[in-house]
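Trainee: I would like to learn how to read helix ends and charged pairs in a model. Can we work through one case?

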Amino acid sequence: MTATTEWVEDHFIAGDFALDFANTVFRRLPESGADLFTDTTALNAWLAHTGLLPASDDSGSGTTEADLADARALRALLWTVFDAQKEHRTIPSGAFTELLETARHRLEDLSIHPDGSTTPRTAQGAFATVALRAITLILNPPAQTIRACDRCGWFFIDSSRGRRRRWCSMKTCGNQAKAARYRSANTQDG
């Protein structure tokens, strides 16, 4: 049995919750790692941690297995569109259409307020919110570039001063890369 993911701040480094949603695997590169949406409890906890849904008293009670499958399908769509965006390619029309459909079909599970904010009432409404946010990032990209970590492939908004950030987090992938470079240099010298 797989342990349920415990969400910590290190899982939320992207600068936008749609990118954080796409980052719900242990790593994307060089091959896909463990799925952090291990079960409905993990999905429910992610939605609660981001404030998209209130925390549930009963573990996993806010989400179903169908919701979990929908979350994984939405994540795959996000990978497709954000990979295209970071590589400066045309956004695939099929994936973009599916994002629009994800948002459209789930609007009844969502309240949209006059200020443009949303309040999801269900996991499906939360997925609509994530899809709408992804659509916004695609149609109105942030001034800072969307990039992916050189080591794990997680997406992030590069808000560094020189716009040359390479890692999702200096604490994890950046430290690993620097340690590997140090070991490599010292092995060659020794």
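Trainee: Which residue caps the N-terminal end of H5?

Mentor: This is a predicted model. In it, Thr122 caps that end of H5, with a side-chain oxygen 3.3 Å from the backbone nitrogen of Gln124.

Trainee: How far apart are the end C-alpha atoms of helix H5, and what span should its 17 residues have?

Mentor: At 1.5 Å a residue, helix H5 (residues 123-139) should span 24 Å, and its end C-alpha atoms are 24 Å apart, which agrees. Of the 17 residues of H5, 13 are buried, so the helix is largely enclosed by the rest of the structure.

Trainee: How many salt bridges does the count come to?

Mentor: Side chains of opposite charge can pair when their charged atoms come close. Here the count comes to ten salt bridges. One joins the side chains of Arg72 and Asp35 at 2.6 Å, N to O. This pair links distant parts of the chain, 37 residues apart: Arg72 is in helix H3, and Asp35 is in the loop between helix H1 and helix H2.

Trainee: What separates Arg104 and Glu101 in helix H4?

Mentor: An α-helix has 3.6 residues a turn, so residues three or four places apart point the same way. Arg104 and Glu101 are three residues apart in H4, about one helical turn, and their side chains form a salt bridge at 3.0 Å, N to O.

Trainee: Is Asp158, the partner of Arg147, buried or exposed?

Mentor: Asp158 is buried, at 0% relative accessibility, whereas Arg147 is partly exposed at 23%. The closest N and O atoms of their salt bridge are 3.5 Å apart.

Methods:
Residues are numbered from 1 along each chain as its sequence is written. This is a predicted model: local features need pLDDT of at least 70, side-chain atom pairs count only at pLDDT 80 or more; totals for chains, interfaces and linings use all residues. Side-chain values use heavy atoms; hydrogens and water are left out. Helices (H or I, at least four residues) and strands (E, at least two) are DSSP runs, numbered from the N terminus. The expected span of a helix is 1.5 Å times one less than its number of residues. Buried means under 20% relative accessible area, exposed over 50%, partly exposed in between (1.4 Å probe, protein chains only). A polar contact is a pair of N or O atoms within 3.5 Å; within protein, one must be able to donate a hydrogen and the other to accept it, and residues adjacent in sequence count only if both atoms are side-chain atoms. A salt bridge is a side-chain nitrogen of Lys or Arg within 4 Å of a carboxyl oxygen of Asp or Glu.
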